[in-house]
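Please look over the sequence and the structure shown below, and then read the short report that follows.

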Amino acid sequence: MNDSQLKPVAEGEEKDVTDFILQDILTGVLAPGTWLKQIDLERRYECTRPEVRRALDRLAQKRLVEHVPNRGYHVYEPDGRRAREVSEIRIILETGVADRIISNASAESIARLQMLAKAFDDMILFGTMLELYEANLAFHRELLALSGNQELVDLVTEIRQRTSSAPVSQWRTRARIEQSGNEHHLMLEAIKNGDVEELKNLTRKHIMQG
């Protein structure tokens, strides 16, 4: 993925600095626990206070920064215990419906998943980190939807938000991102082959990759 560079913005046009802040978080420039003073961010990214605030709100929604009322924003500090337990819950839920995903998979739904997997691959080359996050989430929501249980899809989505935005917080190298993309395609192959155990194994590995 190309290094982020601040680009000129036409007069009157809003600047989105969300991904610039995110890149600095992922590279450690803004370390976990760092308080994010809005005036410092304005100067660093050459933007306005409202543009900084919108970016911080977006990152807070992704659990990459945390908003503390009356104090401000700080970079999210990972909780190792919580992250492990959330991963364990996800493994139980997502491997538990592997057989239903395969039995419900049609040629049309597999084609849809292939398109979403390719969209993720394209974001590796051309997208921002947040676009990559959204593409990853779209793939996994579509995959889980094949279980036929919308409550499960919503529950897993909510559970993912209980820790620092994963796997975004784990994607510190190009190799790690490409590994995730490759695992998407391997899961699709398991579905096409009707191999429930392989899909379970790949799902477990994918969730625990960090």
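## His74 and its surroundings

Leaving aside residues up to four places away in sequence, His74 touches Gly33, Thr34, Trp35, Leu36, Val65, Glu66 and Val68, where a contact means heavy atoms within 4.5 Å. His74 lies in strand S3, strands (E, at least two residues) and helices (H or I, at least four) being DSSP runs numbered from the N terminus. With a relative accessibility of 8%, His74 counts as buried, a word that stands for under 20% relative accessible area, against over 50% for exposed and the range in between for partly exposed (1.4 Å probe, protein chains only).

## Basis of the model

This is a predicted model, in which local features need pLDDT of at least 70 and side-chain atom pairs count only at pLDDT 80 or more, while totals for chains, interfaces and linings use all residues. Residues are numbered from 1 along each chain as its sequence is written, and side-chain values use heavy atoms, with hydrogens and water left out.

## Confidence

The protein chain averages a pLDDT of 88, and 89% of the residues score at least 70; pLDDT is the predictor's confidence in each residue, from 0 to 100. Over residues 1-12 the pLDDT is below 50, although this stretch has 18 contacts in the model beyond near neighbours in sequence. Where pLDDT is low, the predicted coordinates should not be read in detail.

## Helix H2 and its cover

In helix H2 (residues 38-45), the buried residues are Gln38, Leu41, Glu42 and Tyr45. They cover an arc of only 105° around the axis, which puts them on the same side of H2; the arc is that of the directions from the helix axis to the C-beta atoms. Their cover includes helix H1 (18-26), strand S1 (35-36), helix H3 (49-61) and strand S3 (72-75). After H2 comes Glu46, whose phi is positive, near 55°.

## Helix pairs

The axes of H2 and H3 come within 9 Å and cross at roughly 105°, axes being lines fitted to C-alpha atoms, for helices over the stretch in contact, with angles from 0 to 180 degrees between N-to-C directions. H2 and H3 are therefore roughly perpendicular to each other (65 to 115 degrees; under 35 is roughly parallel, over 145 roughly antiparallel and the rest oblique). Gln38, Ile39, Leu41 and Glu42 of H2 make this contact with Arg49, Val52, Arg53 and Leu56 of H3.

Helix H4 (residues 80-96) and helix H8 (residues 150-160) pack at an angle of about 165°, with their axes 10 Å apart. That makes H4 roughly antiparallel to H8.
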